[in-house]
Amino acid sequence: MQSKWKLSGLAALPTALLTALPAWAQEATEAVTEAAAEVVEAAPVSGLDTGDTAWMITATALVMFMILPGLALFYGGLVRAKNMLSVLVQVTAIAAMMMIIWVFYGYSFAFGGSDSAYFGGFDKIFLKGVTAQSESGTIPEYLFIAFQMTFAALTPALIVGAFAERIKFGALMVFSVLWATLVYFPIAHMAWDPNGLFFGWEVLDFAGGTVVHINAGVAGLVGALVLGKRTGYGKDNMAPHSLPLAITGAGMLWVGWFGFNAGSALGASTSATLAMLNTFTATAGATVAWLVLEKLFRSKSSALGAASGIIAGLVAVTPAAGAVGPVGAIILGAAGSAVAYYFVSVVKVKAGYDDSLDVFGIHGVAGILGAIGTGILASPSFGGQGFGGEHTMASQVYVQALAVIITIIWCALVSYVLFKLIDKVMGLRVSVDAEREGLDLTSHGERAYHS
């Protein structure tokens, strides 16, 4: 009993002391207490989530893995041995250059906070106003910048495959910088910034159907047409020099794509897990579909077909990854693969253009089908997550198609003007002699292989 009395007395001591103070001291104490409470209330509450942050760091690294070594090895294996290093250097140099201009002005042009539906503005040039404490949703803004930077680095590098083995290195670098400035950054703003045109229409583009794949495919086709066919096209043997490298690169792209798609949820959420599962199922459906079509029409399923199917499925599900169900993803992947197969094996042959590594035939075509197909398969009746806002299936398909059409027209027009302008100023294409000898030696002074 005595110990309890002592404890209760000690507990009451601060209150007793406070009441014993003079009135002026009590008022001063209360004022300080109120001021401290106001400071606590005024202090910003951090919304950072360590789980989201950890996942997005991982996802960013996975997308970088898509570029190097994934895309570089995939493209390198598909060209002839004399051009292997040229493709590796092109992909590497473009990615590095895009990272620089993304920090300088690309992030601002895409996500600068402008009220414009088409342009992000100049407010975050050189990352002005962004600090280590800046937040973007539940992750640091620096991390959001890095994640989006990998997308900007990948997209122009994809274009390389359409006119591989015949373009000047310097001309390609100039084109990539100008193209990213005038095409990629505005379309990224329209699709992903809350003030963007497509975003306002509630277009479903989870990870870049319009921004990445349709953009790259259309620019690649325009470039292939402007540069013309490779010397000896249709006469010389232009088979891939290393299918093992190509399919290894395709596998690396598949692994990296989990960061690309699931990372686009911008956190460790149920949406991210759905996107991850769909990246498995759509790609599996596309790969099997391509191999079956080859067996039906060419009597044999090939390693090149398997690699092509992987890419077609990944591209088709990109805009839909967080919107469709796993079964819908299989359907979308298989459909994208079938349409891409038709363009690669029939349309390109009949039209006679030389899209070296089928950038338009796979990225462009499967990207278009995936973007529009998302408007159908997002329906809950197909296991999807539903449409944007108040959209019905018809209205969702309409805005999806409208976003696709705008992207195609803008990208094609600007790409054509840039290619023609660069050709006039510095020339786009290497000489015939240089092309026959190979760009590894003539452009970079090296050989990939020595006998």
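Student: Which side chain does the side chain of Arg230 make a polar contact with?

Tutor: That of Glu165, at 2.7 Å. A polar contact here is a pair of N or O atoms within 3.5 Å; within protein, one must be able to donate a hydrogen and the other to accept it, and residues adjacent in sequence count only if both atoms are side-chain atoms. Before we go on, this is a predicted model, where local features need pLDDT of at least 70 and side-chain atom pairs count only at pLDDT 80 or more, while totals for chains, interfaces and linings use all residues. Residues are numbered from 1 along each chain as its sequence is written, and side-chain values use heavy atoms, with hydrogens and water left out.

Student: Ok. Is Arg230 buried or exposed?

Tutor: Buried, since its relative accessible area is 8%. The cut-offs are under 20% relative accessible area for buried, over 50% for exposed, and partly exposed in between (1.4 Å probe, protein chains only).

Student: Where does Arg230 lie, and what does it touch?

Tutor: Arg230 lies in the loop between helix H8 (209-227) and H9. Helices are DSSP runs of H or I with at least four residues, strands are E runs of at least two, and both are numbered from the N terminus. Leaving out residues up to four places away in sequence, Arg230 touches Arg80, Ala164, Glu165, Arg166, Met238, Asp354, Ser356, Arg429 and Glu435. Contact means heavy atoms within 4.5 Å.

Student: Now zoom out. How many helices and strands are in the chain?

Tutor: The chain has 16 helices and 2 strands. Its C-alpha atoms fill a box of roughly 105 × 50 × 45 Å along the principal axes. Of the 451 residues, 52% are buried. And if you take contacts between residues at least 6 apart in sequence, 77% of them join residues at least 24 apart.

Student: Let's do helix packing. At what angle do H6 and H14 pack?

Tutor: Helix H6 (residues 169-192) and helix H14 (residues 393-425) pack at about 155°, with axes 10 Å apart. The axes are lines fitted to C-alpha atoms, for helices over the stretch in contact, and angles run from 0 to 180 degrees between N-to-C directions. H6 and H14 are therefore roughly antiparallel. The classes are under 35 degrees for roughly parallel, over 145 for roughly antiparallel, 65 to 115 for roughly perpendicular, and oblique for the rest.

Student: Which residues meet there, and what classes are they?

Tutor: From H6 you have Ala171, Val174, Phe175, Leu178, Trp179, Leu182, Val183 and Ile187, and these meet Thr407, Trp410, Cys411, Val414, Ser415, Leu418, Phe419 and Ile422 in H14. By class, the contact of H6 with H14 has 14 nonpolar, 2 polar and no charged residues. Nonpolar covers Ala, Val, Leu, Ile, Met, Phe, Trp, Tyr, Cys and Pro, charged covers Asp, Glu, Lys and Arg, and the others, Gly among them, are polar.

Student: And how do the axes of H9 and H11 cross?

Tutor: The axes of helix H9 (residues 243-262) and H11 come within 9 Å and cross at roughly 15°. That makes H9 roughly parallel to H11. The residues of the contact of H9 with H11 divide into 15 nonpolar, 1 polar and no charged.

Student: Switching to loops, where does Ser302 lie?

Tutor: Ser302 lies in the loop between helix H10 (270-298) and helix H11 (303-317). The side chain of Ser302 reaches the backbone nitrogen of Gly305 at 2.8 Å. Ser302 counts as partly exposed because its relative accessibility is 28%.

Student: What about Asp358: which side chain does it make a polar contact with?

Tutor: The side chain of Asp358 pairs with that of Lys348 at 2.8 Å. Asp358 is found in the loop between helix H12 (326-351) and helix H13 (359-377), and at 14% relative accessibility Asp358 counts as buried.
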